[in-house]
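Take a look at the structure shown here. The paragraphs after it lead you through the two chains, step by step.

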Amino acid sequence: MLISEQTLLVARYMDLLTSRQRLVAANIANADTPGYRARDIDFDREMARAFDQPGADPFPPIATHEVEGLRVKNDGNNVSLDRELQLLADTGIRFNLAAQMLRGNIQAVRTAIREAR
Amino acid sequence: MSLFSILEVSSSGLSAQRTRVEVLAQNIANAETTCAADGGPYRRRRVVFEAERRPVTPFGTGLARVVRPVDRSFDRETQGVRIAELRLDDAAPEMRYQPHHPDADVEGYVAYPSFNLVEDMVDLTAAVRSYQANLAVIASVKEIVARTIDSGRS
């Protein structure tokens, strides 16, 4: 089997990271929108779901929720640019790491094909 | 959900912030204008932002659908931003006694815009910062795409 379970998990991780990046982009774009509340995904729960149900659909829909504990400004907006920029950098770094792992997995398959020739 | 939709969201942020900067620059430039296009003193403009669900381009949707089914609920919840309206300030003008001014009224008073210029200058700094934050997101997405392509390269 070319795509191992581990590869699927890494792919799911990268998918979640990209979704989170998209939410960060939306939060940053709406940093000055009156009444807008910052949103995020429950990363731990989504990853736990991927681990617990290895046979199920590898890319189920992702649920988002409002971020708690953020200070609400006078116009009803609660986006913290500092938090969003930090998340942006954090997610980017994790994505690089995951891409490296994926690359390693793909290389392994390539090597196996090459060696078997 | 596709990566290109992130770029759409961020570019909506860039446009909105750039319009905000233009409006603020116009306010600052006209802080002392006594005779605007509509006759009276210049009236300050303010932008009002609004979250907006941007339709993903057909290319993005088509591409995503080929790879796997599109997650519609997530699309609905992540939103870009747009300028909802350009609000005119209706504060009473500031009257200064300058009888020799060409725009003076019969009693010698000239109507000046009454907003505080410093407020707009501070807002301008915040707008530039928001613009840069949106640029950072675009740079990050480009990096993500580059890394994804790299992972397939031998």
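Start with contacts in chain B, where contact means heavy atoms within 4.5 Å. Among contacts in chain B between residues at least 6 apart in sequence, 72% join residues at least 24 apart. Chain A can be read in the same terms: 74% of its contacts between residues at least 6 apart in sequence join residues at least 24 apart.

A word on the ground rules. This is a predicted model, in which local features need pLDDT of at least 70, side-chain atom pairs count only at pLDDT 80 or more, and totals for chains, interfaces and linings use all residues. Residues are numbered from 1 along each chain as its sequence is written, chains are lettered from A and ligands numbered from 1 in the order in which they are written, and side-chain values use heavy atoms, with hydrogens and water left out.

How confident is the prediction? The model scores ipTM 0.80 and pTM 0.82. Then there is pLDDT, the predictor's confidence in each residue, from 0 to 100. Chain A averages 87, and 95% of its residues score at least 70. For chain B the mean is 84, and 82% of the residues reach 70 or more. Within chain A, confidence is lowest in helix α2 (residues 43–52), with a mean of 84. It is highest in strand β1 of chain A (residues 39–41), at 92.

Now follow chain A. Helices (H or I, at least four residues) and strands (E, at least two) are DSSP runs, numbered from the N terminus. Chain A has three helices and two strands. From the N terminus on, their order is α-β-α-β-α. The radius of gyration of chain A is 18 Å, well over the 13 Å that the globule rule gives for 117 residues, so chain A is more spread out than a compact globule. That radius is taken over C-alpha atoms, and the globule rule is 2.2 Å times the number of residues to the power 0.38. Along its principal axes, the C-alpha trace of chain A spans about 65 × 25 × 15 Å.

What about the surface of chain A? Accessible areas come from the Shrake-Rupley method with a 1.4 Å probe; for residues, only the protein chains shown count as cover. Chain A exposes about 6300 Å², and carbon and sulfur atoms supply 54% of this area. Buried means under 20% relative accessible area, exposed over 50%, and partly exposed in between (1.4 Å probe, protein chains only). Of the 117 residues of chain A, 44% count as buried.

Two residues show both sides of this. N27(A) sits in helix α1 of chain A (residues 5–29). Its relative accessibility is 0%, so N27(A) counts as buried. Leaving out residues up to four places away in sequence, N27(A) touches Y36(A), A38(A), R39(A), V79(A) and E84(A). S80(A) lies in the loop between β2 (64–66) and α3 (81–116) of chain A. With a relative accessible area of 23%, S80(A) is partly exposed. S80(A) and I28(A) are 52 residues apart in sequence, yet their C-alpha atoms are 8.5 Å apart in space.

Move on to chain B. It has four helices and four strands. Along the sequence they follow the pattern α-β-α-α-β-β-β-α. Chain B exposes about 8800 Å², with 56% supplied by carbon and sulfur atoms. Of its 154 residues, 34% count as buried.

Begin in helix α1 of chain B (residues 3–29), the place of A16(B). This residue is buried, at a relative accessible area of 3%. Setting aside neighbours within four places in sequence, A16(B) is in contact with F49(B), V81(B) and I83(B). A16(B) and I28(B) are 12 residues apart along the chain, and 18 Å separates their C-alpha atoms.

Next comes T34(B), in the loop between α1 and β1 (45–52) of chain B. Is T34(B) buried or exposed? At 13% relative accessibility, T34(B) counts as buried. Its contacts beyond four places in sequence include H101(B), D103(B) and Y112(B). D103(B) is 69 residues from T34(B) along the chain, but their C-alpha atoms are separated by 7.1 Å.

Finish with H100(B), in the loop between β3 (94–97) and β4 (109–112) of chain B. H100(B) is exposed, with a relative accessible area of 79%. H100(B) and T125(B) are 25 residues apart in sequence and 37 Å apart in space, C-alpha to C-alpha.
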